[in-house]
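Open the model in your viewer and keep the selection tool at hand. This tour goes stop by stop.

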Amino acid sequence: MATAANAAERFPELRPEQMTPAQKQVADAIVSGPRGSIRGPFNAWLRSPELADRLQKVGEHIRYKSSLPPRLNEFAILITARHWNAKFEWYAHYPLAMQGGLRPEVAADLAKGLRPRGMAEDEAAIYDFCIELRRDRKVSDATYARVQKLFGDQGVVDLIGVNGYYDLVSMTLNVAEVATPSDGALPLPDLD
């Protein structure tokens, strides 16, 4: 995996003058939206402008309009980043999880690949759902019922959405070897 110190990303940054009209249109939509810049997977996705446009719209909904509270939505993103060892994803979303109210101790345990100690009931429900979904490729009746009771049907679907979308983001980041800046508060360590 590339690091900030030695990385040459597989998809060099596209400057506006290098972009096709379709790429420029999508790039302008991303920059003028809530993200404000093209970071993470978006530079790679611009190589397929129609897909990039559709994905950035899905991502905007999942990130900014989810029925899940920001603390839990961001926790699910961190769980995804840990699963994929997606260092840029962790770098980008760790501060957002902290701003949303996730306790640093929960994130620190997760970063180490541990089941976080001291999770609140809703955090434990999110954690179990995300882990079970990836490990078993489904969730048990008990895990489903727990999340559904806390967040309703929309919450269950939004949780599935955040997992799936950020799996795609993490895969893109890892394939593209997007470099992680070294100024992150809690880096994501490699696990053996």
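**Before you start.** The model is predicted: local features need pLDDT of at least 70, side-chain atom pairs count only at pLDDT 80 or more, and totals for chains, interfaces and linings use all residues. Numbering runs from 1 along each chain as its sequence is written, and side-chain values use heavy atoms, with hydrogens and water left out.

**Stop 1: aromatic pairs.** A pair of aromatic rings is described by the distance of the centres and the angle of the planes. Here, rings of Phe, Tyr and Trp (its six-membered ring) pair if their centres lie within 6.5 Å; planes under 30 degrees apart are stacked, over 60 edge-to-face, the rest tilted. Across the whole structure, a search finds six such pairs.

Select Phe42 and Trp45. Their ring centres are 5.4 Å apart and their planes sit at 85°, so this pair is edge-to-face. Both belong to helix α2 (residues 42-45), three residues apart, or about one turn. Helices are DSSP runs (H or I, at least four residues), numbered from the N terminus. Phe42 and Trp45 are both buried, meaning under 20% relative accessible area (1.4 Å probe, protein chains only).

Now select Phe88 and Tyr91. With centres 5.7 Å apart and planes at 45°, the pair is tilted. Phe88 and Tyr91 lie three residues apart in helix α5 (residues 87-100), about one helical turn. Both are buried.

**Stop 2: the core.** A nonpolar core is a set of buried Ala, Val, Leu, Ile, Met, Phe, Trp, Tyr and Cys residues joined through side-chain atoms within 4.5 Å. The largest one has 51 residues; select Phe75, Leu78, Trp90, Ile126 and Leu159, which touch the most other members. Helices supplying at least two residues each include α1 (21-32), α4 (70-84) and α7 (121-136). The top contributor is α8, with 10 residues.

Zoom in on Trp90. Beyond its neighbours within four places in sequence, its contacts (heavy atoms within 4.5 Å) include Leu78, Pro95, Leu110 and Leu186.

**Stop 3: Thr80.** Select Thr80, in helix α4. Is Thr80 buried or exposed? At 0% relative accessibility, Thr80 counts as buried. A polar atom of its side chain lies 2.9 Å from the backbone oxygen of Ala76. Leaving out residues up to four places away in sequence, Thr80 touches Arg134, Asn163, Tyr166, Asp167 and Ser170.

Notes. Buried < 20%, exposed > 50% of the residue type's maximum accessible area, 1.4 Å probe, protein only. Polar contact = N/O pair within 3.5 Å; in protein donor to acceptor, adjacent residues only side chain to side chain.
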